[in-house]
Amino acid sequence: MIPTEIIEKLHALATKPYVRDAALLAGRLLLALIFLHEGVTLAAHFAAAAKAMAALGVGMPLFIATVALQLGAGLSIATGLLTRPGAVGLGLFCLATAMLFHTNFASQNELLHFEKDFAIAGGMFVLAAAGAGRFSLDWLLAGYLLQRRRDKEMVAALLAVENQFAVRLPV
């Protein structure tokens, strides 16, 4: 098999709806895991983590917002509920973290964290563009809201027909 045939077969497989949606689910869960783990760890060791953040110049309100963002947006992405705003929020958070805390490129560790944060931000922005897929609460909610709109339109149409045939008494 030549490389172009391999690429064609992979493309055909990747464009099948359920394969795409399973990949989105796996990607969402993997991306959410790092933020949920960190958020739970910070919340579980709140006093020590707040003290460590204060040493880096991060005040208590920003620290609490960080924990809330990691837990809230992490759950949002994992469950697929309000996925796009959660992904944008965490993507921007990763960019800010990289540029504020990991700019000592003389340190290989800091450079690695900088690159990791940029890569995660990229994944978040791709997720924001692609959406959560079928295996998500976003999909279920969209289906429910669409059905409600159709039901309202049907009721309005039936009422219009009923009003057309209503007996009008002379007054």
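Biologist: Which helices each supply at least two residues of the lining of the largest pocket?
Modeller: Helix 2 (17-44), helix 4 (60-79), helix 5 (83-101) and helix 6 (108-130) each do that. Keep in mind that this is a predicted model.

Biologist: And which helix gives the most to that lining?
Modeller: Helix 5, with six residues.

Biologist: How many residues line the largest pocket, and which lie nearest its centre?
Modeller: The lining has 23 residues. Nearest the centre are Met53, Gln70, Phe93, Thr97 and His102.

Biologist: What volume does the largest pocket have?
Modeller: About 680 Å³. As background, rolling a probe the size of a water molecule over the atoms shows where empty space is left.

Biologist: What's the lining like by class?
Modeller: It has 14 nonpolar residues, six polar ones and three charged ones.

Biologist: Let's pick out His102. Where does His102 lie?
Modeller: In the loop between helix 5 and helix 6.

Biologist: Is His102 buried or exposed?
Modeller: Buried: its relative accessible area is 13%, and buried means under 20%.

Biologist: How many Å separate the C-alpha atoms of His102 and Leu140?
Modeller: They're separated by 39 Å, and the two residues are 38 residues apart along the chain.

Biologist: OK, on to packing. At what angle do helix 4 and helix 5 pack?
Modeller: About 140°, with their axes 8 Å apart. That angle makes helix 4 oblique to helix 5. Helix 4 passes helix 5 in a left-handed crossing.

Biologist: What about helix 2 and helix 6, at what angle do they pack?
Modeller: That pair packs at about 140°, and the axes are 11 Å apart. Helix 2 and helix 6 are therefore oblique to each other.

Biologist: Which hand is the crossing where helix 2 passes helix 6, left or right?
Modeller: It's a left-handed crossing.

Biologist: Is Leu82 buried or exposed?
Modeller: Leu82 is exposed, because its relative accessible area is 54% and the cut-off for exposed is over 50%.

Biologist: Now helix 6. Is Ala128 buried or exposed?
Modeller: Ala128, which lies in helix 6, counts as buried at 12% relative accessibility.

Biologist: Last one, Phe165. Which helix does Phe165 lie in?
Modeller: Helix 7 (residues 137-165). Phe165 counts as exposed, at 64% relative accessibility.

Biologist: How many Å apart in space are Phe165 and His113?
Modeller: They're 71 Å apart, C-alpha to C-alpha, and 52 residues apart in sequence.

Conventions:
Residues numbered from 1 in each chain as written. Predicted model: local features only at pLDDT ≥ 70, side-chain atom pairs only at ≥ 80, totals over all residues. Heavy atoms only, no water. 1 Å grid on protein atoms, 1.4 Å probe; cavity = no way out; pocket = protein on both sides within 12 Å on 5 of 7 lines; lining within 4 Å. Points joined across faces, edges and corners; volume = space filled by probe spheres on them. Helix = DSSP H or I, 4+ residues; strand = E, 2+ residues; numbered from the N terminus. Nonpolar A, V, L, I, M, F, W, Y, C, P; charged D, E, K, R; others polar. Buried < 20%, exposed > 50% of the residue type's maximum accessible area, 1.4 Å probe, protein only. Axes fitted to C-alpha atoms, helices over the stretch in contact; angles between N-to-C directions. Parallel < 35°, antiparallel > 145°, perpendicular 65-115°, else oblique. Left-handed = near helix turned anticlockwise from the far one by under 90°.
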